[in-house]
Amino acid sequence: MGNRNDEKKEEEEEEEEEEEGERVRRDWEFRLSTVVSSSCDGASSDIIGIIEFDPSDNLVVTGGIARKIRVYSVKTLLPGENHSHGEGADVTSLQHNNACEYYICTPAKLSSLRWKPDSAGRVLGSGDYDGVVTEYDLDRRIPIFERDEHGGRRIWSVDYSHWDPLVGASGSDDGTMQMWDSRCEGIKTVAKVRPSGGGSAVCCVEFNPFGGPLIAVGCADRRAYGYDMRKMVDPVLVFEGHQKTVTYVRFLDDHTMVTSGTDGCLRLWSTDDARMIRVYMGHTNSRSFIGLSVWRTGGLLGCGSEDNRVFVYDMRWGEPIWVHEFGGGKWNGNGDGAGPNFVSSVCWKQVGEDGCTLVAGGSDGILEVIVGKRIAS
């Protein structure tokens, strides 16, 4: 009798979950708004590895292996803020050399970009393949700070504290996450930790953007870690569940965090007790950095995929609510991620409640702008 009751309960829960999933899918409508391409079709030297909106959401910057920081105006990428939807909505086509406001050449390939808090969108921090952290003054378009603390090993990620905006952190192939103060060029680090005892690469770092002292770190040892920046000795949280490298960590709110791994899934965690809440699956990711971004207001997650598609998940549901074939669907078609192109970076614009904007970049140098609107119930 008890077994039959349990089976009935499981069936009811599955039905409720499926109904919830259908409702979540009907909440949003998305469409491609703008495509920015290069004159060199599929140039492998122009992989877009990073996309970031500035704090005002008026500018977008991109970086990658082309050794350039490109700066775009949102008004250019979204002419007239045209959020019309439906089959009749036009797609704007642009070229990088016309759409880009200006660019800054960098001495090395870029792996990370982050805006420095309290700089009025003027200072942009970068991490590069040569293991150097550089800050650029975008008004003057020159470097104003440089730090090399990782012994020439590639930096995968940089971020700044919102609790103490003068403090930054970087994670590297050397297996360390280092915190530094940009007022002290050339001075030793504020703190240095090696999350994995075996020296596994630190692939991502992010401070709590809501102002708390927690900093999250993702590593090639399949774990993410949480440290209290006031006492950088041992992690206060360990997030275990990924089967391969943790490539991204992103805070969704003050109590939850999302990670991405090359095991082909995203995971939602509680930052109170490191409890895993939900797993998101559907995209393909076994070896590359494909981007991860969270739209905190709408509770949406965006990521790329090695089958050259963009995936959008709702935090409430483990399956994608929208999938877009990037670059007109130019991929190998067998779903195994073996094609030459893949979506390598994504970023949500954080403003808005009933409308959203996601910018995605590809390994072929193409930039696409996707807009969405909440469907009235």
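**Strands and burial in a predicted model**

The protein holds three helices and 29 strands, as seen in a predicted model.

User: What makes strand 19 count as mostly covered?

Analyst: A residue is called buried when its relative accessible area is under 20%. In strand 19, residues 246–251, six of the six residues are buried. Strand 19 is therefore described as mostly covered. For the protein of 377 residues, the buried share is 56%.

User: Why are strand 5 and strand 27 called edge strands?

Analyst: They belong to an open sheet of five strands with the order 5-1-29-28-27 and mixed pairing. Strand 5 (92–95) and strand 27 (343–348) each pair on one side only, which means that they are the edge strands. Neighbouring strands of this sheet are turned by 25° against each other on average, direction ignored.

User: What makes strand 28 and strand 29 a pair?

Analyst: The cut-off is at least two bridges. Strand 28, residues 355–362, and strand 29, residues 367–374, share seven bridges in the antiparallel sense; therefore they count as paired. Within this pair, V359 stands opposite V369 in strand 29.

Key:
Residues are numbered from 1 along each chain as its sequence is written. This is a predicted model: local features need pLDDT of at least 70, side-chain atom pairs count only at pLDDT 80 or more; totals for chains, interfaces and linings use all residues. Side-chain values use heavy atoms; hydrogens and water are left out. Helices (H or I, at least four residues) and strands (E, at least two) are DSSP runs, numbered from the N terminus. Buried means under 20% relative accessible area, exposed over 50%, partly exposed in between (1.4 Å probe, protein chains only). Axes are lines fitted to C-alpha atoms, for helices over the stretch in contact, and angles run from 0 to 180 degrees between N-to-C directions.
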